[in-house]
Amino acid sequence: MSIEIRRIQGLLPYRDGWDMQHRFLEQVDKGIVPETILLVEHSPVFTLGFHGNASNMLASEELLQSRGAEIIRVERGGDITFHGPGQLVAYPILRLRDRHYGVKSYVSRLEQSVIDTCAAFGIKSGRVEDATGVWCGIDTDAERKICAIGVKVSHGVTMHGLALNVNTDLDWFRLINPCGFITKGVTSIMDETGNTPDLDHVADILSERLTVNLTE
């Protein structure tokens, strides 16, 4: 089953991207358009999963407004995270009901795609038990998340997805307990390598790995 990659250029306001996901979900569900992965970069925003704990937002509404950001509760799994410039967000809109794997395997395939992408930049990353996403510094005192994952499956079709920190300003994460964790940090491809990667180059690698891992 082929997957179409749609790279949206420029900073996309989160609510616009959210609406776009819903439109594609309906069209993919009905077979109007092929299964699609939307690749976007958002304007600054914090999103909180459906069952997320609002107390993990450490900043006041006034501070968020002064920095041009907001917090939005959405229907995905997971807790709170940040989306913004320098972060590559992938929203796979797939008919999971037609595939030979379930939600757990789907999330694992997303994680593996990011692990493969990080490896292309010489970054060792992997999984942490009971902590969805992709991490660096595993089994050390400096475990740090490089990619957050939170998904939603509606009528057998996936939405939401993953957020890979490429050259993100990590100071934004100081305003939250990222994904609900207090003792773990966050990182980016830039922080791990000391170089500023081109977002489109990262998008090309991630697209290829997602296509392979989600269709094999």
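Author: Two strands are taken as paired if DSSP finds at least two bridges between them. In this predicted model, strands E6 and E10 run antiparallel and are joined by 4 bridges.

Reader: Which residue is the bridge partner of Val89 in E10?

Author: Strands of a sheet pair through backbone hydrogen bonds, either parallel or antiparallel. Here Val89 has Ala163 as its bridge partner in E10.

Reader: How many bridges join E9 to E10, and how many residues lie between them in the hairpin?

Author: E9 and E10 are antiparallel and joined by 8 bridges. Within this pair, Ile149 stands opposite Leu162 in E10. The two strands form a hairpin with 2 residues between them, and His155 in the turn has a positive phi of about 55°.

Reader: Why is E10 described as largely enclosed by the rest of the structure?

Author: A residue is buried when its relative accessible area is under 20%. In E10, 9 of the 9 residues are buried, so the strand is largely enclosed by the rest of the structure.

Reader: What is the strand order in the open sheet of 3 strands?

Author: The order is E4-E3-E5, and the pairing is mixed. Strand E4 (71-73) and E5 each have a single partner strand and stand at the edges, so one side of each lacks a neighbour in the sheet. From one strand to the next, the twist averages 25°. Strand E3 (residues 45-48) pairs with E5 in the antiparallel sense over 4 bridges. Helix H1 (residues 14-29) lies across E3, E4 and E5, and runs at about 20° to E4.

Reader: Is Thr81 buried or exposed?

Author: In a regular strand the side chains alternate between the two faces of the sheet. Thr81 lies in strand E5, where Thr47 stands opposite it. Thr81 counts as buried because its relative accessibility is 7%. Beyond its neighbours within four places in sequence, Thr81 is in contact with residues including Val45, Phe46, Arg76, Ala148, Phe173 and Ile176.

Reader: What is the volume of the largest pocket, and which residues are the closest to its centre?

Author: The largest pocket has a volume of about 520 Å³. It is lined by 33 residues, and the closest to its centre are Gly78, Val107, Thr132, Ile149 and Gly150. The elements that give two or more residues to this lining include helix H3 (103-119), strand E8 (131-136) and strand E10 (157-165). E9 gives the most, with 5 residues.

Reader: How do the residues of that lining divide into nonpolar, polar and charged?

Author: The lining of the largest pocket comprises 15 nonpolar, 10 polar and 8 charged residues.

Notes:
Residues numbered from 1 in each chain as written. Predicted model: local features only at pLDDT ≥ 70, side-chain atom pairs only at ≥ 80, totals over all residues. Heavy atoms only, no water. 1 Å grid on protein atoms, 1.4 Å probe; cavity = no way out; pocket = protein on both sides within 12 Å on 5 of 7 lines; lining within 4 Å. Points joined across faces, edges and corners; volume = space filled by probe spheres on them. Nonpolar A, V, L, I, M, F, W, Y, C, P; charged D, E, K, R; others polar. Axes fitted to C-alpha atoms, helices over the stretch in contact; angles between N-to-C directions. Contact = heavy atoms within 4.5 Å. Buried < 20%, exposed > 50% of the residue type's maximum accessible area, 1.4 Å probe, protein only.
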